[in-house]
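Take a walk through this model, one region at a time.

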Amino acid sequence: MEAGLIGLGKMGLHIAMNMQSSGIRAYGYDIQTGPRKQAKAKGISVVQTLQELIAALQKPRIIWLMLPAGDITESMVHQLAELLEEGDYVIDGGNSFYRDSIRNYEFLKKKKIHFYDAGTSGGIRGALEGANFMIGGEREHFAVIEELIQRIASDQGYLYAGDAGSGHYLKMVHNGIEYGMMQAIGEGFELLQHSPYPYDNAQVARLWNHGSVIRSWLMKLAEEAFREDEKLDAVKGIMYASGEGQWTVEEAMRCNVSVPVISTALMMRYRSLYEDTFTGKVVASLRKGFGGHKTAE
């Protein structure tokens, strides 16, 4: 079995390595020289152009995309539409917006090329050792790519979710939940920092990850982080938002569904980008005006 992988960044490279170790011949392509060299050093068969990638694969070709969401992914889909043939497969394993995936599916369907959206979770470790996949697309042709997905997924780590867009929709909501979980963990440890007790954060995280209700991989990652830097002094508290949390909140608003935890977690991502805010200045001034409350200098 073989597949072409476009996008050899951290996730793409590790998925390509996962394919190789799972008995799948992976051909890799990236527009940048650096990632191609790195992939080649890891034993991946690297090509220099899209044309070479298409020529290297047997029919029906399976192309796996691990590219940034939006214009870059859509541009690649349009390029592939001119190079692939009827019956070939394109799998978008990036974090694309589900409506974009529906549009890409409909575009490729006109050329009789099968498109699947595969929400991918598990981080870099999962990409290398067994990821979690949420797949949307036509059920009729899914069996052709199911073996590939099964080989690189963790045990029971993939789901055919339904029609086109359903995989990335599921991943969008997954990431919204992830926002809320990480925010709760962060707030809990901040409260411990202000408590009257000298807790060892690494020991607390380890404890909570052995039999407690809140045990999780995220708690394990917290333990690892605290063991490396007890007070996280080397880390700046900026929490970037990559888009999925915003999409989740926007979709919730469209569906009239209340998601206060995810919404607040998203707002806190934005808040973390600033050491001080004009909103804070206004509120502090108002509190001083009506109540004589002291403002920070």
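Pro 60 sits in the loop between α3 (50-56) and β4 (62-65). Helices (H or I, at least four residues) and strands (E, at least two) are DSSP runs, numbered from the N terminus. The peptide bond that joins Lys 59 and Pro 60 is cis, with omega about -5°. Lys 59 also belongs to a network of salt bridges that links it with Arg 61, Glu 85 and Asp 88. A salt bridge here is a side-chain nitrogen of Lys or Arg within 4 Å of a carboxyl oxygen of Asp or Glu.

A word on the basis of all this. The model is predicted: local features need pLDDT of at least 70, side-chain atom pairs count only at pLDDT 80 or more, and totals for chains, interfaces and linings use all residues. Residues are numbered from 1 along each chain as its sequence is written, and side-chain values use heavy atoms, with hydrogens and water left out.

Now the whole chain. The protein chain holds 13 helices and eight strands. Its C-alpha trace spans about 75 × 40 × 35 Å along the principal axes. Of its 297 residues, 43% count as buried. Buried means under 20% relative accessible area, exposed over 50%, and partly exposed in between (1.4 Å probe, protein chains only). Take the contacts between residues at least 6 apart in sequence: 65% of them join residues at least 24 apart. Contact means heavy atoms within 4.5 Å.

The chain is divided into domain 1 (1-161) and domain 2 (169-196 + 235-276). These bounds come from an automatic or database domain assignment. The centres of the two domains, taken over C-alpha atoms, are 29 Å apart. Twelve residues from domain 1 and ten residues from domain 2 make the contact.

How much area do domain 1 and domain 2 bury between them? The value is about 890 Å², with 67% of it on carbon and sulfur atoms. Buried area is the accessible area (1.4 Å probe) that two parts lose on being put together, summed over both. On the domain 1 side, Asn 95, Tyr 98 and Met 134 lose the most area to domain 2, together 53% of what that side buries.

What polar links cross this interface? The rule finds zero salt bridges between domain 1 and domain 2. It does find five residue pairs in polar contact, both residues at pLDDT 80 or more. A polar contact is a pair of N or O atoms within 3.5 Å; within protein, one must be able to donate a hydrogen and the other to accept it, and residues adjacent in sequence count only if both atoms are side-chain atoms. On the side of domain 1 that touches domain 2, α5 (98-109), β6 (114-121) and β8 (153-162) each give two or more residues. The largest share, three residues, comes from β6.

Stay with α5. Asn 104 lies in this helix. Asn 104 is buried, with a relative accessible area of 2%. Leaving out residues up to four places away in sequence, Asn 104 touches Thr 73, Glu 74, Val 77 and Phe 115. In the loop between α5 and β6 comes Lys 112. Its phi is near 60°, a positive value in a residue other than glycine. Lys 112 is exposed, at 51% relative accessible area.

Asn 256 also has a positive phi, about 55°, although it is not a glycine. Asn 256 is in the loop between α11 (244-254) and α12 (260-271). It is exposed, with a relative accessible area of 72%.

Finally, the salt bridges: the count comes to twelve. One of them joins Arg 151 to Glu 147, with the closest N and O atoms 2.5 Å apart. Both residues lie in helix α7 (residues 142-152), four residues apart, about one turn of the helix. Arg 151 is partly exposed at 33% relative accessibility, and Glu 147 is partly exposed at 39%.

Glu 224 forms a salt bridge with Lys 220, the closest N and O atoms being 2.8 Å apart. These two are separated by about one helical turn because they are four residues apart in helix α10. Arg 254 pairs with Glu 251 in a salt bridge, at 2.7 Å between the closest N and O atoms. Glu 251 is buried, with a relative accessible area of 6%.
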